[in-house]
Structure formats: C-alpha cells, structure tokens
Amino acid sequence: MPQIWMTYDELGALCACGAMEARNLAINLSLDRRRSRDGATRVKLDLALTARFLSSVRESDFDLDCAIEALHNTHRQMAELLSPAELHNRRGVA
C-alpha cells in the first residue's frame with residue numbers, strides 16, 4: 001500500500017472539515033505526523049483514509065481513465081495490424 005502524507009489543510013479537504021478538525025482527527029486516530037522540510041506538518045494516512053483518497057482521485061480522473069482506455073484500444077488495434085515479422089523487428093519499441 002502506498003504511503004500518502006497530507007498537510008492538515010489537505011486532510012481537511014479530504015474529510016470535508018477544517019485544518020484544526022483534521023489535526024484533531026489525526027491525533028484521535030493516532031496517525032503518524034512529521035514536520036517536513038518545508039516546515040509543514042504532514043499526516044500519514046491510514047488504510048481507510050488512503051482508500052478514500054484513492055477513490056476521490058479515481059472519481060476526479062474519470063476523463064483521464066477514458067483517455068487511457070482509448071489509447072490502449074488504439075495500441076491493441078495497431079498491434080493487430082502488424083504481421084508477426086514486423087512485430088519481431090519492432091521488439092522493444094513502445
């Protein structure tokens with residue numbers, strides 16, 4: 001599972017609350033907190049918050065997912081047009 005670290009403002013945006021409420025949430029959930037090099041305190045998301053974050057990213061990137069799927073389909077169609085000899089000669093080319 002990836003490690004995702006957020007500032008209190010970012011965590012608040014994820015949880016629909018303010019930065020102070022996010023700080024209290026982090027304390028109540030005993031989440032790891034560290035001061036980063038830029039001076040901001042960041043909170044390491046637990047499994048449930050990470051799942052919520054990834055779900056929000058997935059929902060917001062629906063158009064991106066559609067574009068990626070279209071690229072995969074185009075690639076598959078182009079690969080089907082190549083003969084086996086051409087495919088062998090193009091090995092390693094993306």
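Alanine 40 touches Thr7, Arg34 and Arg35, leaving out residues up to four places away in sequence. Contact here means heavy atoms within 4.5 Å. Alanine 40 sits in the loop between strand E2 (33–35) and strand E3 (41–44). Its relative accessibility is 24%, so alanine 40 counts as partly exposed. The cut-offs are under 20% relative accessible area for buried, over 50% for exposed, and partly exposed in between (1.4 Å probe, protein chains only). The C-alpha atoms of alanine 40 and tyrosine 8 are 8.8 Å apart, although 32 residues separate the two along the chain.

This is a predicted model: local features need pLDDT of at least 70, side-chain atom pairs count only at pLDDT 80 or more, and totals for chains, interfaces and linings use all residues. Residues are numbered from 1 along each chain as its sequence is written, and side-chain values use heavy atoms, with hydrogens and water left out.

Now take the contact from the other side. Threonine 7 belongs to strand E1 (residues 5–7). Threonine 7 is in contact with Ala40, Thr41 and Arg42, setting aside neighbours within four places in sequence. Threonine 7 counts as buried because its relative accessibility is 15%.

Next come two helices. Helix H1 (residues 8–15) packs against helix H2 (residues 19–28) at an angle of about 90°, and their axes are 8 Å apart. H1 is therefore roughly perpendicular to H2, a label for angles of 65 to 115 degrees (under 35 is roughly parallel, over 145 roughly antiparallel, the rest oblique). The axes are lines fitted to C-alpha atoms, for helices over the stretch in contact, and angles run from 0 to 180 degrees between N-to-C directions. H1 contributes Tyr8, Asp9, Leu11, Gly12 and Cys15 to the contact, while H2 contributes Ala19, Ala22, Arg23, Leu25 and Ala26. Seven of the contact residues are nonpolar, one is polar and two are charged. Gly counts as polar in this scheme.

Finally, the whole chain. The protein chain has five helices and three strands. These are DSSP runs, numbered from the N terminus: helices (H or I) of at least four residues, strands (E) of at least two. Along the sequence the pattern reads β-α-α-β-β-α-α-α. Of the 94 residues in the chain, 17% are buried. Among contacts between residues at least 6 apart in sequence, 51% join residues at least 24 apart. The chain exposes about 7,400 Å², with carbon and sulfur atoms supplying 54% of it. Accessible areas come from the Shrake-Rupley method with a 1.4 Å probe.
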